[in-house]
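Me: I am new to this structure. Please take me through one part of it closely, in short sentences.

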Amino acid sequence: MAALPSRPAPRGARVPHRLFENKVHECPRSSSDAGKTVPPEQVWERGIVIGDWTVRVTHGRIANASDIEALSEKLDVPLPEMPFLHNALTLEHARSGFSYCFDAVRALRCIDGVRPEQQLTPIECEPAAQAVGPHARPHRTLSRSGIQVAYAKEWGQSRRAALAAQGGSSASLTSTKQYDWTYSSTWPGMPGATAPDDVHDPRSPIRRTAWHDAFQLGTDPARDRIPVERLSAASGEPILFYDDIVLYEDELGDNGSSLLHVKVRVMPTSLLVLQRFFLRVDQVVFRLFDTRLFVPFDEPTPRAIRECRGMQVPYIDVQQCLPPHRANDLSLLTQVGWVAEAMERACARRARAPQAPSSERWEGEGACVHVALLRPREPTAGEASCSS
């Protein structure tokens, strides 16, 4: 479905493009408890072919019982309440063979508590860990989320008292499997993949591809960055294609929200992807982890620029950002866009008044930029013989 190879268009030129939408396949669904036949789930894809690039978004419903059971067994952790395992965003570049995929399964494979042979290593944005390739520092082991709900202490005390009164042991309070119940993921997407992980595939998972090492730490702050000035409304560029899909969501037992979603927009001269993980634990903490992938179409050698940034801010610090005329309106704390801006302000205040390092620092905090050069691939023997 990828377009034929072409030379990069000069700045301001309009690259020919083609939109598409079609049904990919149907997934069988489990029978209902009433014994009625449940119609198969349809998975659709839509996207755009522009120059050498194909952008493809697949849409499906919340995972069915068969998929949930298979993935939960494979990862050995309970899944979020609303996993959209068929939703995915895939980018493919014909001339270089480059591809990149954002999907729920791989994101869930990097949360803490996953079966070791299935676990993926998330990206780290601290300076000492930003190198990639053969000289990269070994990744540290993930820690527990360390987050408890606001009433956890009181609940634990009441349960221990009740168990003691019944002559039972409090060991049962900690006997369940430990995993990150907030589903905090710093997975930046999968280079080299053209489809989401198959939950029913019994084969060992692929952890790295050749395109992982193509992303190198940005060294030129002026060039190795996402040019926000080209992406604002003032640029005047029309949006040729846009989509926004949820990968998973969980309401954390009515104690907040955990959400991972990805959106993409394609303009005549570039494309931009934003994958955002958002966490709100009421009265406790907010977390945000953004992965932005920017591709300009008008450079002689195509590049993919990836920026990752993570923040963690106490709930009270964000709550204090509520405007005076809405100081008691907590609905703003459920709006991801507003909270993200409030977290930016809170982090800026914290930077101006540095404090001693905290043991509660989230290892997803920090920022990093990596760049991949997408050089034309060498033709295979079959392609060379056909061209001759």
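In which sense do strand 13 and strand 14 pair, and over how many bridges?

Reply: Strand 13 and strand 14 (residues 366-373) pair in the antiparallel sense, over eight bridges. Strands here are DSSP runs of E, at least two residues long, numbered from the N terminus. Two strands pair if DSSP finds at least two bridges between them. Gly310 stands opposite Gly366 in strand 14.

A word on the source. This is a predicted model, where local features need pLDDT of at least 70 and side-chain atom pairs count only at pLDDT 80 or more, while totals for chains, interfaces and linings use all residues. Residues are numbered from 1 along each chain as its sequence is written, and side-chain values use heavy atoms, with hydrogens and water left out.

Strand 13 also pairs with strand 12 (residues 285-296). These two run antiparallel, joined by 10 bridges. They form a hairpin with six residues between them. Arg287 stands opposite Gln312 in strand 13.

How enclosed is strand 13 (residues 303-314)? Nine of its 12 residues are buried, so strand 13 is largely enclosed by the rest of the structure. Buried means under 20% relative accessible area; exposed is over 50%, and partly exposed lies in between (1.4 Å probe, protein chains only).

Now to Arg306. Arg306 lies over the face of Phe215, at 4.4 Å from the ring centre. A charge sits over a ring if NZ of Lys or CZ of Arg is within 6 Å of the ring centre and within 35 degrees of the ring normal.

Phe215 leads on to an aromatic cluster. Its members are Trp53, Phe98, Tyr100, Phe102, Trp211 and Phe215. Rings of Phe, Tyr and Trp (its six-membered ring) pair if their centres lie within 6.5 Å; planes under 30 degrees apart count as stacked, over 60 as edge-to-face and the rest as tilted. The whole structure holds 11 aromatic pairs. In one of them, the ring centres of Phe98 and Tyr100 are 6.1 Å apart and the planes stand at 40°, so this pair is tilted. Phe98 and Tyr100 are both buried. Phe98 also pairs with Trp211, edge-to-face, at 5.1 Å centre to centre and 85° between the planes. That pair links distant parts of the chain, 113 residues apart. Phe98 is in the loop between strand 5 (88-93) and strand 6 (99-103), and Trp211 is in the loop between strand 7 (190-191) and strand 8. Trp211 is buried, as is Phe98.

Definitions and conventions:
Helices (H or I, at least four residues) and strands (E, at least two) are DSSP runs, numbered from the N terminus.
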